[in-house]
Amino acid sequence: MKLANIMKPQLDNLTLNHHDAVLDVSMNVEDIDAKQLKNMPNLIYVNDSKNKIVGSVNKSTLEYVSSKIHLLPPYALMDYFNEAIIFVDEQGKIYFANSAYSKILGVPLGKIIGKTIYEVEPHAALIDVLQYKTPFYKEKQYIKTVDKYVSVKINPIFEKDIFIGAYSIFSDVSEVNRLSEEVNRITQLAEDYSTQINAQNELKKLKIIGNSPEFVKVIKQSLTVAKTDVSVLLRGENGVGKEVIAKLIYEHSQRSDKPFITVNCSAIPEQLIESELFGYEDGAFTGAAKGGSMGKFQLADGGTIFLDEIGDMPFFMQSKLLRVLQEGEIEKIGRKKNIPVNVRVIAATNQPLEIMIHNKQFREDLYYRLNVVSLKLPALRERREDIMLLTNFFLKKFNKKYHKNATIAHSVFKYLYQYDWPGNIRELQNSIERAVIFSTDGMVNEESILFNQPSYPVADTVDVPVVELKDDHIVPALDEAVKALEIQLIKQSLTQHDNDKDAAANQLNISKRTFYRKLKAYQLC
Ligand SMILES: Nc1ncnc2c1ncn2[C@@H]1O[C@H](COP(=O)(O)OP(=O)(O)OP(=O)(O)O)[C@@H](O)[C@H]1O
C-alpha cells in the first residue's frame with residue numbers, strides 16, 4: 001500500500017499530528033509501506049466501516065503487529081493498545097473492552113462483557129454520552145473507585161444517522177498527574193524554603209530565635225516591609241519582641257546606615273515629651289540647657305524612629321506628632337522656623353488602640369497614619385514549639401555571661417513547655433537568667449525555675465511585705481493594700497539595683513511600660 005492509501009479520514013473532533021499515520025483495517029498488511037511508516041511513531045488504528053479512530057500503538061508494537069496483522073481479527077489488535085477501549089450499545093451493554101481497560105480499572109474482562117455500563121461503572125461519563133449522544137473529552141478525569149486519573153475521549157456511534165452506541169478511549173495519567181503535582185509541590189516547597197532560609201539566615205545573624213510558622217511569617221512580612229518606607233505598627237503583648245522586630249525592619253531598610261532612635265513614650269514625663277521629641281532652642285525656657293537640644297526626630301533625620309508604647313503618647317502630643325508625619329517638619333520649642341525632617345516611623349503597642357479611639361484617648365487620624373502596615377507578633381504560648389529553642393539560646397547566653405555550665409533537667413522542659421508565659425520572651429529570658437545564676441550543681445531543676453515565677457519569687461526573694469493591720473477587725477480595702485505592697489516592692493527593688501529602673505522592672509517581672517506607669521502613678525520618680 002502506498003502512503004496515499006494510508007488515508008486520513010474525516011475524523012470528528014480529533015486532531016492528527018504529522019507523526020501519525022492512519023490505517024484502515026481493511027488494508028492488507030503487505031501493502032503497508034514500511035519505509036514511510038518508520039518516520040511515524042504513532043499508528044492510528046481506524047475502525048473499518050466508520051473511519052473512527054480507536055487508538056494508537058507505538059512504533060515497536062507496530063513492527064510486531066505488522067508481521068502478524070493479517071493473522072489477527074481487527075478487534076484483537078486493540079489489545080496491543082496502551083489506551084483502554086470500551087464499546088457499548090445504545091442500551092449501555094458492553095460488547096467489547098480491551099485488556100488495557102481491564103488493567104487500568106482492575107476488572108477481569110470476563111466479568112464485564114455482556115453486563116451494562118450502569119452495573120459496571122455507575123458513575124462513568126460514558127453514561128452521559130449515551131444519554132446526550134454528544135462527545136465527551138477530558139484531559140484529567142478522576143475515577144474514584146480505583147483512585148486514578150485518566151485522560152478520556154468518548155464518542156457516540158451513529159450508523160446512517162441512527163444512534164447505535166458509544167465508545168470510550170482513555171489512558172491512565174495518574175502517574176503523569178502525580179508527577180506534575182509533585183513538581184508543583186516541590187517547586188512550592190523550594191520557594192518556601194528559599195524565603196524561609198533567607199529568613200532563618202537573617203534570624204541567625206541577628207540572634208533572633210524562632211522557628212514556628214506564625215513567627216517566621218512575621219519575619220517574612222517584616223523583611224518585605226523593610227524594603228519600603230511605609231509606617232509600621234507592631235502589635236503584641238509585652239515582651240513578645242516588638243522592639244526586636246523594629247530593629248530587624250530598620251536593619252533591612254535602605255536607611256540602615258542612618259540612625260535608629262528609640263523613644264519609649266511611657267517613660268518620658270508628660271511635660272518633657274515635646275522637648276524630648278522635637279528639641280528646643282537655646283534659652284527657650286527656664287532651665288533649658290545652654291546651646292539648646294536636638295530632639296529625637298532631629299537625631300533620627302534620614303533614619304528611623306521607633307515610638308515604643310505609642311498608646312501612652314499624651315493626647316496633646318498626638319496631634320503634634322501627626323503634623324510632623326504629615327508635613328515632614330518639626331516645630332522646635334523656641335524656634336520660629338520649622339525644621340524639615342525625613343524620618344521613617346515604626347510604632348509599637350500592646351494597647352487596644354481601636355478602643356482608645358472610641359474612648360477619645362487616641363487620635364483616629366494618627367492611628368491611620370501609623371497603621372499603614374500592621375504586624376501582630378504572636379504570644380509565646382501561641383508558638384510553644386519555640387520555647388525549647390529560646391530556652392537553649394538563653395541558657396547558652398547566660399552560661400557564657402556568668403561563666404557557668406548549667407544544663408536543664410529533662411523534667412523542667414515539660415514545665416517550661418506547659419507554662420503560659422504571660423510575660424512572653426522577656427519572662428522566659430529572665431527565668432533562665434536567674435535559674436543559671438542560682439544553679440548550684442550545674443543543673444537547672446524545677447525549683448530554680450519555679451522560684452522565678454511571680455507567685456514564688458516575690459515572697460521568697462524579698463522580705464514578706466507588710467501591710468500593717470493595726471486592728472484585726474479593720475481590714476483595708478484590697479486596692480489600698482495592693483498599692484501599698486506595690487510601692488514597697490518597687491522601692492525595695494530600686495534600692496537593690498542602685499535605682500536602675502530597667503533592672504528593677506526585670507526583677508519584678510513587669511514590662512518597662514508598666515513599671516514607669518506605676519512610678520508615675522505612685523509619684524516615685
Ligand atoms: N525572637 C527572639 N529571640 C531572642 N530574644 C528575643 C526574641 N524576641 C524577644 N527577645 C528578647 O526578649 C526581650 C523582650 O523583647 P522586646 O523588648 O523586643 O519585646 P517588646 O514586645 O518590645 O516588649 P514591651 O512591649 O514590653 O516593650 C528582649 O530582651 C529581647 O532581646
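**Exercise 1.** Find which helices each supply at least two residues of the shell around the ligand.

*Solution.* The helices are α9 (242-251), α17 (424-438) and α22 (512-521), where a helix is a DSSP run of H or I with at least four residues, a strand is a run of E with at least two, and both are numbered from the N terminus. This is a predicted model, in which local features need pLDDT of at least 70 and side-chain atom pairs count only at pLDDT 80 or more, while totals for chains, interfaces and linings use all residues. Residues are numbered from 1 along each chain as its sequence is written. Next, 20 residues surround the ligand, and the closest are Ile 209, Gly 241, Lys 242, Glu 243 and Ser 511; a residue is near a molecule if its C-beta atom, placed from the backbone, lies within 6 Å of it.

**Exercise 2.** Decide which residues of helix α6 (residues 125-132) are buried and which are exposed.

*Solution.* After α6 comes Lys 133, whose phi is positive, near 60°.

**Exercise 3.** Give the strand order of the open sheet of 5 strands.

*Solution.* The order is β10-β13-β16-β9-β17, with parallel pairing, and two strands pair if DSSP finds at least two bridges between them. β10 (260-264) and β17 (373-376) stand at the edges, so one side of each is left without a neighbour in the sheet.

Terms used:
A residue is buried if 20 or more other C-beta atoms lie within 10 Å of its own, exposed if 12 or fewer, and partly exposed in between; C-beta atoms are placed from the backbone.
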